[in-house]
Amino acid sequence: MTTKEKILAKALELFNEKGYNNITTRHIAAELSISPGNLHYHFKHSEDIIKILFTELILKMDELLDAIKNKENKTLEDLYSLTSSTCEIFYHYRFIFINLVDVLKKIPEVEAQYEGINFSRREEFQLIFSDLQKNNILKKDIPDFIMQSLTEQIFIIADNWLTHNRLISKLNKKAAIQSYTLLLMNLFYPLLNKEQQKLYEQQYVR
């Protein structure tokens, strides 16, 4: 790993463990046993590190969504995999979501990215849901307002489940990802075709 990559990795670890507001560039430098000057050669401020970490998060989600969008015959398992992988990516960058309001308020560039990505993600999810209808996974007669509401519900839970887990559920990584993946998946159950509902009950209902 390059020094820059080590800084990003250590910063992510510290932000996740101790909280975004409790870590400075000096803390990161000390953990890496490098001088603050060496760190500042790569990143002048902790905000510069967060910008890159947020971009990494977006790129990983882009890859995940592109993979399912490009798959012709989407299945219930694909939907589960998308949901579980999303939760795993979000957990990897969990400090961003646990401190989302503070991060967006403090870093206008990240706030602009967040707003833009929210708009484009809605369109991507609608396309995926449309394909799931074509593949007879979701019912074909779902009203538009329900589909739009579904997308909004997914976004609200996705952005806030990590805070809920920290404050209420307090599950470890594996258990948290499993639990909140199922919570999100349960939103789809009433919209599945009958055959898919039976399959869902067999595979995912505990």
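Predicted model: local features only at pLDDT ≥ 70, side-chain atom pairs only at ≥ 80, totals over all residues.
## Packing of helix 1 and helix 2

Two packed helices are described by the angle between their axes and the distance between the axes. For helix 1, which spans residues 3–18, and helix 2, which spans residues 25–32, the angle is about 115° and the axes are 10 Å apart. Since angles of 65 to 115 degrees count as roughly perpendicular, the two helices are therefore roughly perpendicular to each other.

Helix 1 passes helix 2 in a right-handed crossing. On the side of helix 1 the contact is made by K6, I7, K10, A11, L14 and F15, while helix 2 contributes H27, I28, E31 and L32. These contact residues divide into 6 nonpolar, 1 polar and 3 charged.

## Positive phi in two loops

Most residues other than glycine have a negative phi. N136, however, has a phi near 60°, a positive value in a residue other than glycine, and its place is in the loop between helix 8 (108–134) and helix 9 (144–169). With a relative accessible area of 42%, N136 is partly exposed.

K170, likewise not a glycine, has a positive phi of about 55°, and this residue lies in the loop between helix 9 and helix 10 (173–185). K170 counts as exposed, at 63% relative accessibility.

## R206 after helix 11

R206 is found in the segment after helix 11 (194–204), and at 73% relative accessibility it counts as exposed. Although R206 and L182 are 24 residues apart in sequence, their C-alpha atoms are 9.6 Å apart in space.

Methods
Residues numbered from 1 in each chain as written. Heavy atoms only, no water. Axes fitted to C-alpha atoms, helices over the stretch in contact; angles between N-to-C directions. Helix = DSSP H or I, 4+ residues; strand = E, 2+ residues; numbered from the N terminus. Parallel < 35°, antiparallel > 145°, perpendicular 65-115°, else oblique. Left-handed = near helix turned anticlockwise from the far one by under 90°. Contact = heavy atoms within 4.5 Å. Nonpolar A, V, L, I, M, F, W, Y, C, P; charged D, E, K, R; others polar. Buried < 20%, exposed > 50% of the residue type's maximum accessible area, 1.4 Å probe, protein only.
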